[in-house]
Amino acid sequence: MMQLINMRILKTWPLVACLLVALLSSCSSSSDAWLEEAKTRLKKGELVSAREALKKSIEKNPGSAEAYNMLGVIDFQEKKFVEAESNYLKATELKPSLYQAQLNLAAVRMEKSEWEKALAPLEIAIKNAPDSASAYLQRGIVWAALAKPKLALADFTTCLTKNPREINALYNRGNIYYQGENLTEAAKDFEKTVEINPSFGKGYYALGLSLYQQKLSEKACLAFQQAKKLNYPGAKEAVHKLCE
């Protein structure tokens, strides 16, 4: 009799296991469906409904790092920086390799001017996604804020090797060159920014300053005039004082 009972139990286990796998698969699928719904709503700018979809995704799968990361994105857009950091932290704890969450965690700390604290998630992001231009860009900005121009230059340059058209890296590197009185290199970087984006008024204004410092007044004024056409602050005054 004992043997028969054991055999019945053994025969029952595969059925239970199958049901458990099916249940977990169903939960995961439902969580993913809500996650996709949230992405769609977020793209449309429907933050409230996107947040609700993410809550339902997390109800189905409390271990969804992607859902917590997206909640942080919504919080950030709503300028709820404390909540955003909390959700990004949760995402990185659940899945440290999710480099987008690490970048977002760094970004919210940068927004709060917590520069030193922004470095740790950036280091992890770079380790997990060494080809990410954004990670080097962000870390370069942090180094610049911490008054470490050599480290900032290195990161902006690395960023540009991965994405040569990254305007923010060019502009920030140009600024560091300008501050270090390397005006030739500064002008090259600023000129590239406006080649990539002819509507980049800040780039024209910075180019004008770097050219004027090199006593290239005619070229500088052309850059200032373009910045003025784009209504960049200070350009009108620069044209009046330096070019008329």
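Student: Which residue forms a salt bridge with Lys 241?
Tutor: Glu 237 does, with the closest N and O atoms 2.9 Å apart. Keep in mind that this is a predicted model.

Student: Where do Lys 241 and Glu 237 lie?
Tutor: Both are in helix α13, residues 235–242. They are four residues apart, so about one helical turn separates them.

Student: And is Lys 241 buried or exposed?
Tutor: Lys 241 is exposed, at 60% relative accessible area. Glu 237 is partly exposed, at 46%.

Student: How many salt bridges does the count come to?
Tutor: The count is 18. One of them pairs the side chains of Asp 189 and Arg 173, at 2.8 Å from N to O.

Student: What does the Asp 189 and Arg 173 pair tie together?
Tutor: Parts that are 16 residues apart in sequence, because Asp 189 lies in helix α10 and Arg 173 in helix α9.

Student: Is Asp 189 buried or exposed?
Tutor: Buried, at 2% relative accessibility. Arg 173 also counts as buried, at 12%. The cut-off for buried is under 20%.

Student: What else is Arg 173 in contact with?
Tutor: Leaving aside neighbours within four places in sequence, Arg 173 contacts Leu 153, Phe 156, Thr 157 and Leu 160, as well as Asp 189.

Student: Back to α10. Which residue there pairs with Glu 185?
Tutor: Lys 188, with the closest N and O atoms 3.3 Å apart. Both lie in helix α10, three residues apart, about one turn of the helix. Glu 185 is partly exposed at 27%, and Lys 188 is partly exposed at 43%.

Student: New topic: cores. Which residues touch the most other members in the largest nonpolar core?
Tutor: Val 142, Phe 156, Cys 159 and Ala 169, out of 21 residues in that core. The elements giving two or more residues to this core are α5, α6, α7, α8 and α9. The largest share, six residues, comes from α7.

Student: What does Phe 156 touch?
Tutor: Not counting residues up to four places away in sequence, Phe 156 touches Leu 137, Gly 140, Ile 141, Ala 169, Asn 172, Arg 173 and Ile 176.
There is also a second, separate core of 17 residues, which includes Ala 38, Ala 50, Ala 67 and Ala 101.

Student: What about Met 70, buried or exposed?
Tutor: Buried, at 10% relative accessibility. Met 70 sits in helix α3. Beyond residues up to four places away in sequence, Met 70 touches Leu 35, Ala 38, Lys 39, Leu 42 and Leu 54. Leu 54 is 16 residues from Met 70 in sequence, and their C-alpha atoms are 7.7 Å apart.

Student: Where does Ser 64 lie?
Tutor: In the loop between α2 and α3. Ser 64 counts as buried, at 4% relative accessibility.

Student: Last one: how much space lies in the largest pocket?
Tutor: About 170 Å³. Helices α10, α11 and α12 each supply at least two lining residues. The largest share, four residues, comes from α10.

Student: Which classes make up the lining of the largest pocket?
Tutor: Seven nonpolar, two polar and three charged residues. Among the lining residues are Lys 188, Glu 191, Tyr 204 and Gln 214.

Notes:
Residues are numbered from 1 along each chain as its sequence is written. This is a predicted model: local features need pLDDT of at least 70, side-chain atom pairs count only at pLDDT 80 or more; totals for chains, interfaces and linings use all residues. Side-chain values use heavy atoms; hydrogens and water are left out. On a 1 Å grid over the protein atoms alone, a cavity is a set of points where a 1.4 Å probe fits but cannot get out, and a pocket is an open set with protein on both sides within 12 Å along at least five of seven lines; lining residues have an atom within 4 Å of a point. Grid points are joined across faces, edges and corners, and a volume is the space filled by probe spheres set on the points. Ala, Val, Leu, Ile, Met, Phe, Trp, Tyr, Cys and Pro count as nonpolar, Asp, Glu, Lys and Arg as charged, and the others, Gly among them, as polar. Contact means heavy atoms within 4.5 Å. A nonpolar core is a set of buried Ala, Val, Leu, Ile, Met, Phe, Trp, Tyr and Cys residues joined through side-chain atoms within 4.5 Å. Buried means under 20% relative accessible area, exposed over 50%, partly exposed in between (1.4 Å probe, protein chains only). A salt bridge is a side-chain nitrogen of Lys or Arg within 4 Å of a carboxyl oxygen of Asp or Glu.
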